[in-house]
Amino acid sequence: MADPKVSDPRSEGLDPAIREFSTLLVANRGEIAVRVIRAARAAGLRTVAVYSDADRAAPHVREADTAVRLGPAPAAESYLSIEALLRAATVSGADAVHPGYGFLSERDEFARAVVDAGLVWVGPPAEAMEAMGRKDRARDIAGRAGVPVVPRFEADETSPDAYPVLVKAASGGGGKGMRIVHDPADLADALAAAGREAVAAFGDDTLIIESYIERGRHIEVQVVADLHGNVAHLFERDCSTQRRHQKVIEEAPAPTISPDLQAGLHSAAVALAKEVDYVGAGTVEFLVDEVDEQAYFLEMNTRLQVEHPVTEAITGVDLVQLQLAIAAGAPLSPDLGLAAPDGHAIEVRVYAEDPYNGFLPQAGVASTVVWPETARVDAALESGQEIGTAYDPLVGKIIVHGTTRGAARQALLQALDDTAILGLTTNVGFLRQIAASDAFRDAAIDTAWLDRHLEEFAPETPDEIAVIGSWWLADRQTAADPAHPFGVADGWRLAGPAAPILIELDDLVATVDRAAGTVAISDHTWRVRPIAGPGAARRLEIDGVIHEAYVEIDRHTVTVGYRGQPHVLTRPDAFGPAAAATTSDGSVTAPMPGTVLDVRVEAGQSVSAGDTLGVMEAMKMELALKAPYDGAVAVVDAAAGQQVSLGDTLFVVEAPP
């Protein structure tokens, strides 16, 4: 487990045998499990994966040296069973456990159980996790350490002057169990909803009410500590690009804070880690008020963060290998964190969600998956893989590094252009829109910026999409059967160049003349020339500009992945009429598989447009089901606790005559 940032334990007089381990069980799944397994293998360790029945063929299972089934429990609950995980360690011969992030990674009872079983826990002591794992206790500790905290209120003490306030779960993170409240009349509903979501995600409904800083930047400091009392920082990250308190883009170092504030945050984070006798990798998070640059402590994450790769990029330190070395008893190198950051790094989180429809999590089969070769990719999604609703919708991360922030941003745009996920709705195109925006370019985004500006982002369908789809459809069909092309030739020729082909896509007709190198749609003709190149992308020069796209053709559609966004073009005349799209008839359907949590109306009740008819939970998120317009509830086909499938009709609202 040699690492240039960790000293040899033998040189420090520590017997390495007292914590020696050779087989690591990774108590997680998905991209973080793959990332930890690869780092452990590079450190010379044997690796053990665990899996639910739903993950039997998942990439992390194939990546490990061996894998152990956790049992017949439902998919998500499998990874939350301490008993099953310890049993997996026993049967596999593992002598150490790495929790990754999410699931049990911040549960002190899991850390205690691992240590009590005689295994090495690759993480902080259970006592530090218990102290800092709850936001309410962490606030008190931060106060004792002299770190400013955001003002807190009790539910019965809030005055109108205190608003807006933020209701948040005392346990866990990831934006779950959080609600912004601007009106005192909405506090009770926010507390109830946040409490339910907190129980579903963390098993704890304890909530905190704090002042909400509307123009703040989310800055976090990476800290590391060894078993000898040494603590160091590895600079800071800016995680201000968020939607609904969920991080979307992270970067390091923070681009807007002053040197004085930066130094203050570093020293405060180190002091807090020392206050709780921390060991391992952790993150201290702050909210910086943009008005006066005042920093407030938010929480400490006692685990590896999703965004840790940007820190690795600017420091050259492999944080997972550092965790492993620390767990083995090695002291930190005295020069850790002293060198200046190397350039700038940016990470985007790729989610299976619909950013143009309330960020609803998505499920389905990713028919085509292409990750960029010019960036670091931490992912466990591949072509043909099915994504269900049992887990968090994070499917991967794309990380770029440049000598400057501007260079890193340009590298990010190229990496997103080189990314294609077809068949499954993701946020890749949305990420590119953010990265290309003036606000992100100028580092002018605060934590609420996206929520305030969502209406500025919508799916973009440039004219080139139809040209690309038409050209490659004609190319494929002509090559497959020149005598009977998929389109319709405008005339038969005994000799000479092939006749132009008419391609009908959606509500347009394109005339593709491959011999002349043109595509005509309506009254415009584009000059087209295919360009050879490496990789899976298809390149066309259209009117002198090269466009790169990923094209997938099936019997009824042509899907064009362009700048991260999939565009589905239908062939209504290909094999009979396409299925008619459903129209709104007052039906309110389940937007995804899940569980009904609450029904708030009954048949015959009058409702107004936007009224909440019921609430359902999916992927540990609450989704409000709202009335489409004014009217009366005609049908209630939902009950609390009911399991529903995508598209199930739960309510019907009839408009007044």
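The model is predicted. It holds 40 salt bridges, among them the pairs Asp 55 with Arg 29, Lys 247 with Glu 307, and Glu 250 with Arg 349.

**Salt bridge between Asp 55 and Arg 29**

- Asp 55 and Arg 29 form a salt bridge in which the closest N and O atoms are 2.7 Å apart.
- Asp 55 lies in the loop between strand 2 (46-51) and helix 2 (59-63), while Arg 29 lies in the loop between strand 1 (23-26) and helix 1 (30-42), so the pair ties together parts that are 26 residues apart in sequence.
- Asp 55 has a relative accessibility of 5% and therefore counts as buried.
- Arg 29 also counts as buried, because its relative accessibility is 18% and the cut-off for buried is under 20%.

**Salt bridge between Lys 247 and Glu 307**

- In the salt bridge formed by Lys 247 and Glu 307, the closest N and O atoms are 2.7 Å apart.
- Lys 247 belongs to strand 12 (residues 246-252), and Glu 307 is placed in the loop between strand 14 (294-301) and helix 10 (308-315); the pair therefore ties together parts that are 60 residues apart in sequence.
- Both Lys 247 and Glu 307 are buried.

**Salt bridge between Glu 250 and Arg 349**

- Glu 250 pairs with Arg 349 in a salt bridge, with 2.6 Å between the closest N and O atoms.
- This pair links distant parts of the chain, with Glu 250 in strand 12 and Arg 349 in strand 15 (residues 344-351), 99 residues apart.
- Glu 250 is buried, and Arg 349 is buried as well.

- Gln 565 is part of strand 32, which covers residues 565-570.
- The relative accessibility of Gln 565 is 15%, so this residue counts as buried.
- Leaving aside residues up to four places away in sequence, Gln 565 touches Tyr 356, Gly 429, Phe 430 and Val 560.
- Thr 426 is 139 residues from Gln 565 in sequence, and the C-alpha atoms of the two residues are 8.4 Å apart in space.

Definitions and conventions
Residues are numbered from 1 along each chain as its sequence is written. This is a predicted model: local features need pLDDT of at least 70, side-chain atom pairs count only at pLDDT 80 or more; totals for chains, interfaces and linings use all residues. Side-chain values use heavy atoms; hydrogens and water are left out. Helices (H or I, at least four residues) and strands (E, at least two) are DSSP runs, numbered from the N terminus. Buried means under 20% relative accessible area, exposed over 50%, partly exposed in between (1.4 Å probe, protein chains only). Contact means heavy atoms within 4.5 Å. A salt bridge is a side-chain nitrogen of Lys or Arg within 4 Å of a carboxyl oxygen of Asp or Glu.
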